[in-house]
Amino acid sequence: MTSSRTRLLLTLGLLCAAGSAAAQTSTVITNTTIPASQAAPAAGTAPPPTAQTLPAQTLPAQTMPAPSVGTTGTTAGGVEVGTLGDVTPDYGGTLEEGGGGFPIDMWKGTDRALVERLLPQLPAAASSPAMRDLTRRLLLSNAEAPAGKSGGVNLFGARADRLRAMGLSADAAALLALQPARNADALSARQRIDALLLAGDVDGACKAVDDTRKLASGDAAWQEAQVFCQLRAGQNDRAALGLDLLREQKQEDPAFFTLVDILGGNQAAKLDSLPAPTALDLAMLRAAHMPIPRDAAQVHDPAVLAMIARDASIDAAIRLAAAEQAAAAGSLPIDQLQMAYASVPYAPGDLGNAIEVSSHDPGPGSRAMLFQAAGTAVQTAQRAHILQAALDRARRQGGYLLAIQANLQFLLPLTPADDLIWFAADAGRGLYASGHFEQANAWLALAERRAASDPQAAAAVSSLAVYARIAGVGQPLAWDGAAVEKWRKAQAANNPAGDPAANRRIGETVLLALYALGPDGPGGVNPILLSRAISSLRQIGLDAEARGIAIEAAIAAGV
C-alpha cells in the first residue's frame with residue numbers, strides 16, 4: 001500500500017468513525033509534534049505550546065455580541081471597508097459572523113503568544129482551495145484579540161502579510177484600513193501602501209503615504225512611494241528633494257530611478273528588464289504607459305502575476321501563463337482565467353482535432369485549446385472526450401483542481417447516460433471535487449447499475465464510492481471493527497482537557513489545523529496530522545470545510 005493510500009485510508013477511517021463516536025472521540029492537533037520542516041519559530045523562542053501545556057478553558061454559555069461596523073467605502077477589489085466599533089484593537093476585520101467570518105469570541109481561551117507565533121507562519125496554500133478559504137476567513141474575521149502577554153507582534157500587519165502572500169491585495173488593503181492609527185507601525189504602513197497599489201487604487205495609496213508620514217518616513221520604500229506620488233501630483237520640486245535624499249542614502253534600486261527618469265520625461269531612459277517587480281514598480285509602469293518587461297512574469301508573487309495577466313500590453317503567451325498561476329493561487333477569479341483561455345487564437349482545424357494537437361504542448365496553450373474545444377463541441381460525446389483529456393492530463397501533470405474549476409461550466413450540463421459510462425469516473429470525481437454532490441451521485445448511480453457487466457463501470461464505482469462517503473452522501477464503507485475500536489480508544493487516551501476543539505476554541509482550532517497541514521496541504525502532509533486536522537474541524541462544526549480537505553487528499557492520492 002502506498003503512502004498516499006495509507007493517508008487516504010486513515011482519513012476515511014476518521015470520517016467513518018467520527019460520526020458515531022463523537023461523544024467519546026476527540027482529536028487533538030496540538031498533541032502531535034509538528035515536523036521540523038513545518039515549524040520555524042524565531043531563534044530564542046520556545047516551540048509552540050502543546051495541548052498538555054495549554055490551560056483547560058471552556059467558553060461561557062453566552063458570547064459577546066459583535067460590534068457594528070459602518071461602511072465608509074470600498075477598495076478597488078470591491079471589499080467593504082468599515083469603521084471599527086469597540087473591538088480589541090488588532091483583530092478587527094472585514095468579515096462578520098454570518099457573512100463568512102468566525103464568531104467574535106473565536107480567540108476566547110487562546111493564549112496570544114500562540115497566535116503571535118503561528119499566525120505569521122500560516123502557509124499561503126496555493127495548492128489547496130479549501131485551505132485558502134479557511135485561511136482567508138481566519139485572517140479577515142472581526143473578533144476580539146486573543147488575551148495574554150504580547151511579544152510585540154502587530155496582528156493587523158501579520159494578517160495583512162499573509163493575505164498579500166496569498167495574492168489577496170484588496171483584502172489586505174481593506175484590513176489595514178481598519179487599523180487604528182495608534183496601532184500602526186512602519187511595516188504595516190508599507191504593507192497598506194503596497195496592497196492598495198496592487199489593488200489598483202493609486203489614489204488611496206498616495207493618501208496612505210500622507211497618512212503614515214510620521215510612522216514610516218524613515219523607510220526607503222515609503223520614501224520611494226512618496227516620490228512617485230509627488231511626481232504624479234505635479235510636485236516635481238518636492239520629488240527632486242526626495243530623490244536627492246534617497247541617493248544620499250545610497251539606495252540601490254535601479255529600476256525605481258529609471259522609472260522616475262521616464263516619468264520625468266527622459267525619452268532616452270528605458271527599462272527592458274524587471275525580474276522582481278514591486279507593487280510600486282508596476283504602478284509607475286502603468287503611470288508611464290509602459291508595458292511590463294517580459295521577465296517580470298518570472299515572479300512568484302500571486303498578486304503581481306494577477307496584474308500581469310490583466311495587462312493587455314504584455315505578450316499574450318506571458319499573460320496566459322501568469323493568469324494560470326494567479327488563478328491557481330486564488331488571486332485571479334476563475335472567470336478571468338476562462339477569458340484568457342478564450343482569447344487565444346487557434347485555427348478551426350486545430351480546435352476540431354484539439355486532443356491530438358494539444359498533446360504535443362504541455363503548457364498553458366494546450367489547456368486553452370482544450371477549453372475552447374470543449375466550449376465549441378456540438379456532440380455530447382465529443383465534449384466528454386475533450387473534458388476527459390483535459391482532466392486526465394491535469395491529474396498527471398498537476399493543476400487538477402484548477403482544471404475542474406475552469407471546465408466546470410462544460411461538465412455540469414452533461415447528463416449521465418449509458419453511452420457515457422466510460423466518462424463516469426472522471427465526471428463524478430470532478431463534480432465531487434467541486435462540491436456538486438447531487439450531480440456526482442447521479443454518475444455514481446449510473447456506474448452502479450452497470451458495474452456487474454462493465455469493468456469500466458465497476459472501476460468507477462470503486463473510485464466514486466470513496467468520494468461519496470467523504471462527502472457524507474454515500475453508503476458507509478466496510479471497515480475493520482476491531483481497528484476502529486482500537487482507534488477510538490487511542491484517541492480517547494490522547495484527549496487532554498486542553499483540547500482546543502473540545503473546548504470550542506474556534507480560532508485556535510482553525511489556526512492549528514492550517515499550521516499542521518502545512519505548505520504541502522492535504523496532498524503531502526503526514527497522514528496522522530491530516531486525520532487530526534479533519535477531525536478537529538468537524539468537532540467545531542466545520543464539516544463542509546473538513547470534507548473539502550479530505551476530498552483534496554483523495555485526489556492527491558490518485559483515487
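1. Contact here means heavy atoms within 4.5 Å. With that cut-off in hand, the packing of helix α18 can be read: its buried residues pack against α14 (316-329), α15 (334-342), α16 (348-352), α17 (354-358), α19 (380-397) and α20 (400-411). Please keep in mind that this is a predicted model.

2. Confidence. The chain averages a pLDDT of 81. A score of at least 70 is reached by 80% of the residues. One stretch needs care: over residues 16-88 the pLDDT is below 50. That stretch still has 153 contacts in the model beyond near neighbours in sequence.

3. Overall make-up. The chain has 27 helices and two strands. Of its 559 residues, 52% are buried. Take the contacts between residues at least 6 apart in sequence: 67% of them join residues at least 24 apart.

4. Helix α18, burial. Which residues of α18 are buried? They are Gly365, Ser366, Ala368, Met369, Leu370, Phe371, Gln372, Ala373 and Ala374.

5. Nonpolar core. The largest nonpolar core holds 166 residues. Tyr91, Leu138, Phe256, Ile308, Phe423, Trp443 and Val510 touch the most other members. Take Ile308 as a case. Leaving out residues up to four places away in sequence, Ile308 touches Ile292, Ala296, Ala297, Val299, Ile314, Ile318, Arg319 and Ala322.

6. Aromatic pairs, Tyr91 and Trp107. Searching the whole structure gives eight aromatic pairs. One of them joins Tyr91 and Trp107 in an edge-to-face arrangement, 5.6 Å centre to centre with 75° between the planes. Both residues sit in the loop between β2 (80-83) and α2 (112-118), 16 residues apart. Tyr91 and Trp107 are both buried.

7. Aromatic pairs, Phe371 and Phe410. The ring centres of Phe371 and Phe410 are 5.2 Å apart and the planes meet at 55°, so this pair is tilted. Phe371 belongs to helix α18 and Phe410 to helix α20, so the pair ties together parts that are 39 residues apart in sequence.

8. Arg159 over two rings. Arg159 lies over the face of Tyr91, at 3.8 Å from the ring centre. Arg159 also lies over the face of Phe156, at 4.9 Å from the ring centre. Tyr91 thus turns up again: Tyr91 is among the core residues that touch the most other members, and Tyr91 is paired with Trp107.

9. Ala165. Where does Ala165 lie? The place of Ala165 is in helix α4 (residues 155-165). Its relative accessibility is 27%, so Ala165 counts as partly exposed; buried would need a value under 20%. Ala165 touches Ala124 and Pro302, not counting residues up to four places away in sequence. Ala165 and Ala124 are 41 residues apart in sequence, yet their C-alpha atoms are 6.0 Å apart in space.

Definitions and conventions: Residues are numbered from 1 along each chain as its sequence is written. This is a predicted model: local features need pLDDT of at least 70, side-chain atom pairs count only at pLDDT 80 or more; totals for chains, interfaces and linings use all residues. Side-chain values use heavy atoms; hydrogens and water are left out. Buried means under 20% relative accessible area, exposed over 50%, partly exposed in between (1.4 Å probe, protein chains only). Helices (H or I, at least four residues) and strands (E, at least two) are DSSP runs, numbered from the N terminus. A nonpolar core is a set of buried Ala, Val, Leu, Ile, Met, Phe, Trp, Tyr and Cys residues joined through side-chain atoms within 4.5 Å. Rings of Phe, Tyr and Trp (its six-membered ring) pair if their centres lie within 6.5 Å; planes under 30 degrees apart count as stacked, over 60 as edge-to-face and the rest as tilted. A charge sits over a ring if NZ of Lys or CZ of Arg is within 6 Å of the ring centre and within 35 degrees of the ring normal. pLDDT is the predictor's confidence in each residue, from 0 to 100.
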